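Let's take a walk through a protein chain together. Have the sequence and the 3D view open, and follow along as we go.

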Amino acid sequence: QPDDRGLIGDVPVLRVTRRGPEAVHFVPAALEPGAEVLLSLDWERRFDHMQQHSGQHLISAIAEQMFGFKTTSWELGRQRSVIELDTPLVTAEQVVALEKNVNEKIRDRVPVTVRELAADDPEVETVRSRGLPDDHVGPVRVVDIKGIDSNLCCGTHVSNLSDLQVIKLLGVEKGKKNKTNLVFLAGNRVLKSIEQSHNTEKGLTSLLKNGPGEHVEAVRRLQSSVKLLQKNNLNLLRDIAVLIARDFKSKPAPRQLFVLHRKEGDSEFMNIITNEIGTEETLLFLTVGDEKEAGLFLLAGPVEAVENLGPRVAELLGGKGAGKRGRFQGKAAKMSRRGEVQALLQEFISHQNP
């Protein structure tokens with residue numbers, strides 16, 4: 001169970017941990033030894049932990065009684081909690097039956113009590129436990145859910161199952177080594193989850209212009225439309241790339257440098273242009289993406305020229321890239337420096353043709 005939070009006087013407690021029999025509190029400022037202070041507990045956090053921890057005891061006990069599923073470990077998470085059950089499979093029907101049973105116990109208002117036993121008391125051996133820490137000293141705590149469970153535990157718990165309000169089993173996930181993880185919420189976390197789901201539902205209703213029962217089908221239709229649009233957009237980009245290349249090649253006087261930037265595009269778009277124009281005699285510098293942000297670049301041309309210029313182009317664009325066989329491409333973080341790259345390439349060509 002996570003540690004408590006609160007104040008020692010007006011100093012916040014950052015963390016609490018156990019060292020043997022002592023609880024060590026970590027605080028951001030020194031406290032005066034011997035001073036009397038008022039301790040203030042973050043009750044919302046504590047009560048949440050009590051609900052989840054007592055909920056785990058109840059679920060584990062009923063799961064073992066009903067189906068023989070033993071609990072091997074559990075985790076009290078910030079948003080949801082997980083119980084690891086020693087079974088490779090828990091069916092949907094078993095989850096429903098388990099949830100129904102634990103909530104019946106909550107409605108029965110079963111008492112929960114905490115008592116202490118000496119470590120050498122024979123009764124300790126009859127209580128459900130995963131063992132004591134090696135550095136444990138003093139008595140041991142036993143948490144009893146009347147008529148349901150008796151368990152060694154150092155955590156904080158409710159005094160009656162009615163304090164749990166409700167338990168919701170969210171389903172199961174595949175665990176490690178033929179085990180199953182059972183995910184659950186207890187108490188106020190169920191109410192918060194419902195509120196969050198309701199707000200999400202309201203938002204989707206407003207966006208999709210239909211009722212909650214039609215949300216899934218509406219999203220499916222939108223996904224199909226988006227896929228079709230993406231396919232059409234890709235085909236159009238390919239056609240545009242071919243036209244751009246053919247227009248360049250149709251010019252009466254061949255040019256040694258081709259530079260192009262397009263906000264919409266991808267690596268395939270740049271490679272189509274490069275393939276159509278050819279790299280034997282022309283040096284190509286292509287970029288796609290937002291001019292003021294990051295994007296992609298491609299430098300293509302004669303092998304020796306690209307090997308010489310590629311790393312320098314990547315450096316100017318604040319990016320990284322790699323190349324082979326006359327092509328050097330990668331990501332650019334500073335697309336606004338494309339002009340500097342073009343000047344570099346033009347200077348290189350002028351030196352090649354004095």
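**A walk from helix H3**

Just after helix H3, Lys-209 takes a positive phi of about 60 degrees. Before going on, a word on what you're looking at: this is a predicted model, where local features need pLDDT of at least 70 and side-chain atom pairs count only at pLDDT 80 or more, while totals for chains, interfaces and linings use all residues. Residues are numbered from 1 along each chain as its sequence is written, and side-chain values use heavy atoms, with hydrogens and water left out.

Which residues of H3 are buried? They are Arg-189, Val-190 and Leu-208 (buried means under 20% relative accessible area, exposed over 50%, partly exposed in between, with a 1.4 Å probe and protein chains only). These residues sit on the same side of H3, because they cover an arc of only 95 degrees around the axis (the arc is that of the directions from the helix axis to the C-beta atoms). Look at the other side of H3 and you'll find Lys-192 and Glu-195 exposed. The buried residues pack against several elements, including helix H1 (43-67), strand S11 (167-174) and helix H4 (215-249) (contact means heavy atoms within 4.5 Å).

Next, the charges. Side chains of opposite charge can pair when their charged atoms come close. The structure holds 17 salt bridges (each is a side-chain nitrogen of Lys or Arg within 4 Å of a carboxyl oxygen of Asp or Glu). Lys-192 forms one with Glu-44, the closest N and O atoms being 3.6 Å apart. That pair links distant parts of the chain, with Lys-192 in helix H3 and Glu-44 in helix H1, 148 residues apart. Glu-44 is exposed, at a relative accessible area of 58%.

Asp-3 also has a partner: Arg-45, with the closest N and O atoms 3.4 Å apart. Asp-3 lies in the segment before strand S1 (6-8) and Arg-45 in helix H1, so this pair ties together parts 42 residues apart in sequence. Asp-3 is buried at 17% relative accessible area, whereas Arg-45 counts as partly exposed at 26%.

Conventions
Helices (H or I, at least four residues) and strands (E, at least two) are DSSP runs, numbered from the N terminus.
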